[in-house]
Amino acid sequence: MIRPVITSYGIVSAIGVGKAETLESLRAYCSGIAPVQYLDTVHRDMLVGEVKLSFDELQRLVGVPSDAEVPQSRTALIGRLALREALQQAGLTTPDDYAQMALLSGTTVGGMDRTEIEASVSADGEIIHYNYDCGTSTLDIARGFGQFAFVDTISTACSSAANAIAMGIEMVRQGLFERVVAGGSEGLSRLHLNGFNTLMILDAEPCRPFDAHRNGINLGEGAAYLVIESESSALKRGARPLAVLSGYGNACDAYHQTASSPDGEGAVLAMQQALDDAGLQPSDIAYINCHGTGTPNNDVSELRALHRVFGDHLPPFSSTKGFTGHTTSASGSIEAAFCLLAIEHHFLPVNLNFRNPIDTDVPVVGDESWVMGDESCAMVREEAIHSLEGRGRGQSILLNAFAFGGNDTSLILAPYSPLHTPVQFDAMSSHPLSLAPKEVPPLLSKRKVYLLAKTELDPDIDPNFRDYLSPLESRRLDNLLKRTIACSLSTLRQCPEVVPDAIITATVWGSAISAISFFYDMMRQGEAFLKPTLFMQSTHNTMSSLIAIQTHNHGYNVTHSQLDDSLPHAFLDAWLQMQAGRIRSALVGIHDSIPAFDNRSYLLCTADALPPDCHPLAELVMNTSSRIIELKNIINATD
């Protein structure tokens, strides 16, 4: 089996530009959370984790001229900084290097800050310029380096970067690419800040995850990218692996658009999947980097999920959001970088501002003043550090990234150690033939995949929503979301014997109806009296989460947003999950409202899961040479 290893990474956040500054801040317990300095908002006293650079300073650091023909967003500039560090430290700096790599990036805000800067409002209040496109933001990041072989954007709100890393793991495991760079970037915007403010979950004080007196989140911004490659590729080119990415899991709470479920069902499934994928037991985990936002709902839900997975023997855990604020879509990769620093330098990142445990016997890694007052916690912490140094039983780190719509993702990282296999010598010389175990990529077409059902809605005619939604649900949702649910349920009803193991969505703009309406309200009415419903519906993964909620589906749940490649990438994701044996069926759809409604939904199934007497409409074919799904037969199957 191909082992994905991490050979370098780059990071930018409120506590530093680059690994060196970040490490210094983490070890000195130095938070980057402070009142707003750079964002143009009326909420000047609000506490946020901004990257400590102005827009002009970011442009100079990245090398973008101030009069650039294509203006850059803060998301793109921060992303370029982090990606540059990752690639340079990996020794991957030439166009030929990029031409053989995939770039997978997570974001939700995308270029929204540019929209806010450039938006002009006409006399009748119509917004002239609108640029809320995640895929273009990723292309802007890539443009600073060269032509990558494959570029994709994952947009699942706060688990976006973690899901990008998970897809990178699968691409390397299955031999699609020897090297992938994966992570995420998110810049603060007024829409972003005001949206969370309408939910009344922002804390006026520094956030206190897992503290009994916690009161909400501080928003942050930043970026981080990991270079993930096969072990044999790394050793062949003389790169030193820093860690192994041994497992991942993704599941859906299928509970609520924004709140975590009380029992943490999605979180439990994601963590257990990651453990199973890595072939580990809970006792093998030395430390957990929790999602831990500091909201009353999230922290209790996550803690319950941890107890369900680990019982009464929880390893030390912490949330690092007291350093950076909640960096939303980028949080999974930023916190993965913190875990890598912990592995390299043998320390545990602390849970800043923690003083009062939610319940007893909870091994939260507090800062020095708290640890000194609790001898038992200090001992557990010391044991965990010994484990990361290779002197304990469990050496792995579990990382959680949870998101709106219950999109829950867990990753497992471990200190690198080579697989122990005998070194074979050439009989004619004293030189080893191979210093690493041979890695044989699996056959990409080992499982046949078929199209079972398809629905395409007329862009000009709405279906009868009463056939799919209650009157209350119909009143609450915008038209794209209602059409998405109708299209998806129509496809599932054509083949009720198949319950999809995954819901994978493609979209360029997400629910732009809600996003633009919220933007209009903010531009016209100001930032004081906005309503939460439009913001709740504006995230790109709202459609996938609503389908999951409607169908009570806890399976794999991911949204791709890469312009014209969004749908092919969604199909590719389903294909990879099926070839890995993680799923046997998937509901794949594309849903947009710009420039016109586009609602198409496809039900896929592997050959071994076909219902009796089922007659597939088409076979899904993978072109391994160009690494794309052949869609022609699928799209035209029922035309």
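View 1. The lining of the largest cavity comprises eight nonpolar residues, five polar residues and one charged residue, where Ala, Val, Leu, Ile, Met, Phe, Trp, Tyr, Cys and Pro count as nonpolar, Asp, Glu, Lys and Arg as charged, and the others, Gly among them, as polar. The model is predicted, with local features needing pLDDT of at least 70 and side-chain atom pairs counting only at pLDDT 80 or more, whereas totals for chains, interfaces and linings use all residues. Residues are numbered from 1 along each chain as its sequence is written, and side-chain values use heavy atoms, with hydrogens and water left out.

View 2. One cavity of 30 Å³ or more is present in the structure, a cavity being a set of points on a 1 Å grid over the protein atoms alone where a 1.4 Å probe fits but cannot get out, and lining residues having an atom within 4 Å of a point. The largest cavity holds about 130 Å³ of space, a volume being the space filled by probe spheres set on the points, which are joined across faces, edges and corners. Of its 14 lining residues, Thr108, His192, Phe196, Phe535 and Thr539 lie nearest the centre. At least two lining residues come from each of α8 (190–198) and α19 (532–538), and α8 gives the largest share, three residues; helices are DSSP runs (H or I, at least four residues) numbered from the N terminus.

**View 3. Cys495 and Cys614.** Zero disulfides occur in the structure, a disulfide being a pair of cysteine sulfur atoms within 2.5 Å. The closest cysteine sulfur to that of Cys495 belongs to Cys614, and at 4.9 Å it is too far for a bond. Cys495 is buried, at 6% relative accessible area, buried meaning under 20% (1.4 Å probe, protein chains only).

How values were computed
Buried means under 20% relative accessible area, exposed over 50%, partly exposed in between (1.4 Å probe, protein chains only). On a 1 Å grid over the protein atoms alone, a cavity is a set of points where a 1.4 Å probe fits but cannot get out, and a pocket is an open set with protein on both sides within 12 Å along at least five of seven lines; lining residues have an atom within 4 Å of a point.
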